[in-house]
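Visitor: Please show me the model, and then we can go through a few questions about it.

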Amino acid sequence: MDIRVILSGLAMSFIFGLSFLFTKNALDYVPVYTFLSYRFFVATVAMLVLISSRIVKLEKKPYWKLWKVAIFQPVLYFIFETNGLKFAASSEAGMLIAMIPIVIVVLSPFLLKEKIKWFQIVFAFMSFIGVVLIIGYGEKMSGSLFGKLLILGAVFSAAFYNIFSRKLSKQFKPEEITFFMMVTGFLFFTSLSIFTRQFTLNFAKPVIISALYLGILSSTVAFFLVNFMVSKVSPTISSLFSNLTTIVSVLAGSIIRNEVIRPLQILGMVMILVALFGNSFLSTKMKVQESKLVR
């Protein structure tokens with residue numbers, strides 16, 4: 001695998017892993033859609049600074065085609081995720097997000113015409129069991145079922161985003177896709193917060209810090225890295241890095257917010273990680289064997 005893809009995946013996973021913590025901190029002060037307006041305002045300004053300084057260059061293209069990407073990310077994903085974090089612990093949310101590669105494996109044959117291998121089905125089943133353990137079958141959890149369902153909505157939105165970003169990467173550069181996403185997020189969530197009468201100005205220190213972190217790092221930088229990765233490798237492979245996001249979010253939620261991590265949650269997380277790494281290893285091994293047969 002390209003070293004740039006690996007480094008991008010590591011950086012993206014660490015940034016996203018802390019995003020749950022910053023989001024929950026901000027939501028203690030401002031409504032959901034108001035904060036999303038702040039976040040994507042910062043992200044849009046950051047992108048405009050990069051464009052004006054010629055660090056990022058945009059070409060004349062039919063950007064309207066990117067609506068398939070923007071509708072799932074950031075619009076639907078952040079509606080589900082940010083509302084879900086109001087009812088679920090950040091550690092739970094981080095572990096549920098690990099389902100994204102599983103959903104991509106299921107959807108890829110239909111949308112990307114990728115064939116599903118036998119081991120992908122086995123590992124998907126293993127991951128499903130892990131998710132059941134994370135949700136807390138037979139055990140009282142800190143978050144509500146409604147919060148978990150909202151996070152699962154974010155999981156499916158992220159899966160569709162990865163798939164459509166991969167399709168459109170042949171026509172648009174990563175920075176072009178990222179810019180369109182940030183502007184769409186700012187316009188949509190600002191309009192939504194005004195329409196729902198949630199919009200307000202709040203300059204509390206936690207809100208400002210969260211908006212800067214999420215707007216610059218989690219939005220502008222991390223999504224550029226995701227779009228770059230998807231342009232280089234299949235989303236089935238690039239999405240595997242989300243398991244590192246799980247680990248970071250769990251540690252952050254436990255250490256900083258004193259959220260309890262139960263044994264069943266740890267077991268479920270381990271099962272998902274084993275499934276994802278096993279899937280990656282066998283997929284790579286099979287591609288090497290196929291290339292030898294072609295020669």
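**Pocket, core and a buried glutamate**

Guide: This is a predicted model. In it, 13 residues line the second largest pocket, and those nearest its centre are Tyr-38, Phe-41, Leu-201, Asn-202 and Phe-203.

Visitor: Which helices each supply at least two residues of the lining of the second largest pocket, and what is the volume of this pocket?

Guide: By class, the lining holds 11 nonpolar and two polar residues, with no charged ones. At least two lining residues come from each of H2 and H9. The volume of the second largest pocket is about 200 Å³.

Visitor: Which residues touch the most other members of the largest nonpolar core?

Guide: The core has 66 residues. Elements giving two or more residues to this core include helix H1 (3-26), helix H2 (32-52), helix H3 (67-84) and helix H9 (205-232). Leaving out residues up to four places away in sequence, Phe-35 has contacts with Thr-23, Ala-26, Leu-27, Val-30, Val-207, Ser-210, Ala-211 and Leu-214. The core members that touch the most others are Phe-35 and Val-69.

Visitor: Is Glu-176 buried or exposed?

Guide: Glu-176 is placed in helix H8. Residues up to four places away in sequence aside, Glu-176 touches Lys-57, Leu-58, Glu-59, Lys-61, Tyr-63 and Leu-66. Buried means under 20% relative accessible area. Glu-176 has a relative accessible area of 1%, so Glu-176 is buried.

Visitor: Which backbone nitrogen does the side chain of Glu-176 reach?

Guide: Glu-59 is among the residues that Glu-176 touches. At 3.4 Å, the side chain of Glu-176 reaches the backbone nitrogen of Glu-59.

Methods
Residues are numbered from 1 along each chain as its sequence is written. This is a predicted model: local features need pLDDT of at least 70, side-chain atom pairs count only at pLDDT 80 or more; totals for chains, interfaces and linings use all residues. Side-chain values use heavy atoms; hydrogens and water are left out. A nonpolar core is a set of buried Ala, Val, Leu, Ile, Met, Phe, Trp, Tyr and Cys residues joined through side-chain atoms within 4.5 Å. Buried means under 20% relative accessible area, exposed over 50%, partly exposed in between (1.4 Å probe, protein chains only). Helices (H or I, at least four residues) and strands (E, at least two) are DSSP runs, numbered from the N terminus. Contact means heavy atoms within 4.5 Å. A polar contact is a pair of N or O atoms within 3.5 Å; within protein, one must be able to donate a hydrogen and the other to accept it, and residues adjacent in sequence count only if both atoms are side-chain atoms. On a 1 Å grid over the protein atoms alone, a cavity is a set of points where a 1.4 Å probe fits but cannot get out, and a pocket is an open set with protein on both sides within 12 Å along at least five of seven lines; lining residues have an atom within 4 Å of a point. Grid points are joined across faces, edges and corners, and a volume is the space filled by probe spheres set on the points. Ala, Val, Leu, Ile, Met, Phe, Trp, Tyr, Cys and Pro count as nonpolar, Asp, Glu, Lys and Arg as charged, and the others, Gly among them, as polar.
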